[in-house]
Amino acid sequence: MNIEHLAHDDGQMVRQYEYDDESMLAVDFGPQDADASVDVVDGTVIVITGDEQQEFELPEHAGSAQALMKNGVLTIELKEEDTL
């Protein structure tokens, strides 16, 4: 699943912000998922909410990624790969 599918299929609020060398995605899962956990493994963001697990593939151009969940909002920070 990708972020666009999540926003369309589940009606989640999704925002994307672009900066010079990084981008950020924010997904509001709502207060019912405030205790969700998140991890990034091999280019995939894994979100666990209760008994459900959702996986999101990161864009190929993402060099490194950090993800955190706070108050039901998933934030994914992507740094662009260095191209030398």
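Predicted model: local features only at pLDDT ≥ 70, side-chain atom pairs only at ≥ 80, totals over all residues.
Let me start with strands β3 and β4, which run antiparallel and are joined by five bridges; strands here are DSSP runs of E with at least two residues, numbered from the N terminus, and two strands count as paired if DSSP finds at least two bridges between them. Within this pair, Val38 stands opposite Val47 in β4. Residues are numbered from 1 along each chain as its sequence is written, and side-chain values use heavy atoms, with hydrogens and water left out.

The pair I began with belongs to an open sheet of three strands, in the order β3-β4-β5, with antiparallel pairing. Its edge strands are β3, residues 37-41, and β5, residues 52-57, each of which pairs on one side only. From one strand to the next, the twist in this sheet averages 20°, where the axes are lines fitted to C-alpha atoms and the angles run from 0 to 180 degrees between N-to-C directions.

In the loop between β3 and β4 we find Asp42, which has a positive phi of about 45° although it is not a glycine. Is Asp42 buried or exposed? Asp42 counts as exposed because its relative accessibility is 77%, given that exposed means over 50% relative accessible area, buried under 20%, and partly exposed in between, with a 1.4 Å probe and protein chains only.

Let me turn now to the other sheet, in which four strands form an open arrangement in the order β1-β2-β7-β6, again with antiparallel pairing. At the edges stand β1, residues 13-18, and β6, each with a single partner strand, so one side of each is left without a neighbour in the sheet. The twist here averages 15° from one strand to the next.

Going through the pairs, β1 and β2 run antiparallel and are joined by six bridges, and they form a hairpin with three residues between them. The pairing of β2 with β7 is antiparallel and extends over seven bridges, and Leu25 has Ile76 as its bridge partner in β7.

The loop between β6 and β7 holds Asn71, another residue that is not a glycine and yet has a positive phi, of about 55°. Asn71 counts as exposed because its relative accessibility is 59%.

Finally, what does the largest nonpolar core contain? It has 13 residues, and those with the most contacts inside it are Phe29, Val45, Val47, Phe56, Met69, Leu74 and Ile76; by a nonpolar core I mean a set of buried Ala, Val, Leu, Ile, Met, Phe, Trp, Tyr and Cys residues joined through side-chain atoms within 4.5 Å. At least two residues of this core come from each of β2 (22-28), β4 (44-49), β6 (62-70) and β7 (73-80). Of the strands, β7 gives the most to this core, with three residues. In soluble globular proteins, nonpolar side chains tend to be buried together.
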